[in-house]
Amino acid sequence: MTPAISQIFTRKVLLILFVCVLTPAVSPKEYFLFNDTELNWFAAFHACHLKNMTLATINSEAEQIDIGNLIGSWISTKKVYWTSGTDQAKEGEFVWMSTGQPIRYKNWYYGEPNNHGSQHCLTISNINSHQWDDDQCSNEYFYICEGITECSKEIVFLYPRFGLQ
Ligand SMILES: [Ca+2]
Ligand SMILES: [Ca+2]
């Protein structure tokens, strides 16, 4: 590497470190709402993969707030979104299908999950303060995908040992 290229590379690394790492509250992932087509849960899971993303997971209060801010609150139309939460494998044991991890952080609406009429897929909507509900996986709703942020992609590129799994 010539000194000039090395200097540019170093400057870029420092800039990315400053913007992406040293600034507070940077989440390694980013949510994307898809309000164009309503799909069943399986089709939504597939649709996210086709976009090189995964159906959303919510692992903390901070992520819940992020996703709630994106969805917004009820005005005149109820909007329901799929996440990757499901208890299809074993009734009552919800996991995030996108990561395979059990659901630890929980934000169920009062009385949910109730498995009413055989409900196995986790929705979040613009009513009920974005609290969660289990719903029939064959119903058609909008969906939320998640991907890693541009910052994270840069960091993974420059520092593979910090790679996000
Ligand atoms: Ca269920
Ligand atoms: Ca329910």
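Start by selecting N114, which is partly exposed at 40% relative accessibility (buried means under 20% relative accessible area, exposed over 50%, partly exposed in between, with a 1.4 Å probe and protein chains only). You are looking at a predicted model, in which local features need pLDDT of at least 70, side-chain atom pairs count only at pLDDT 80 or more, and totals for chains, interfaces and linings use all residues. Residues are numbered from 1 along each chain as its sequence is written, chains are lettered from A and ligands numbered from 1 in the order in which they are written, and side-chain values use heavy atoms, with hydrogens and water left out.

**Stop 1: calcium ion (ligand 2).** Which residues hold this ion? Its protein donors are E112 (OE), N114 (OD1), Q119 (OE1), D133 (OD), D134 (O) and D134 (OD), at 2.2 to 2.5 Å. Donors here are N, O and S atoms within 2.8 Å of the metal (3.2 Å for Na, K and Ca), and sites may look incomplete because water is not among the atoms. Along the chain, the donor residues follow E-x1-N-x4-Q-x13-D-D. N114 lies in the loop between β5 (101-102) and β6 (121-125), while D133 is in strand β7 (residues 133-135), so the pair ties together parts that are 19 residues apart in sequence. Color D133 too: it is partly exposed, at 25% relative accessibility.

**Stop 2: calcium ion (ligand 1).** Now select D87, E91, N115, Q119 and H120, which coordinate this ion at 2.3 to 2.8 Å. Q119 takes part here through its O atom. Is Q119 buried or exposed? Q119 is buried, with 8% relative accessibility, whereas N115 is partly exposed at 24%.

**Stop 3: strand β8.** Select residues 141-148. Seven of the eight residues of this strand are buried, so β8 is largely enclosed by the rest of the structure. Helices (H or I, at least four residues) and strands (E, at least two) are DSSP runs, numbered from the N terminus; two strands pair if DSSP finds at least two bridges between them.

- β1 (residues 29-39) runs antiparallel to β8, with seven bridges; find Y31 and its partner E146.
- β2 (residues 54-55) is also antiparallel to β8, over two bridges, and T54 stands opposite E146.
- β3 (residues 80-86) runs parallel to β8, joined by two bridges; Y81 faces F142.

**Last stop: the whole chain.** Zoom out to see four helices and eight strands, in the order α-β-α-β-α-β-β-β-β-β-β-α. Of the 165 residues, 37% count as buried.
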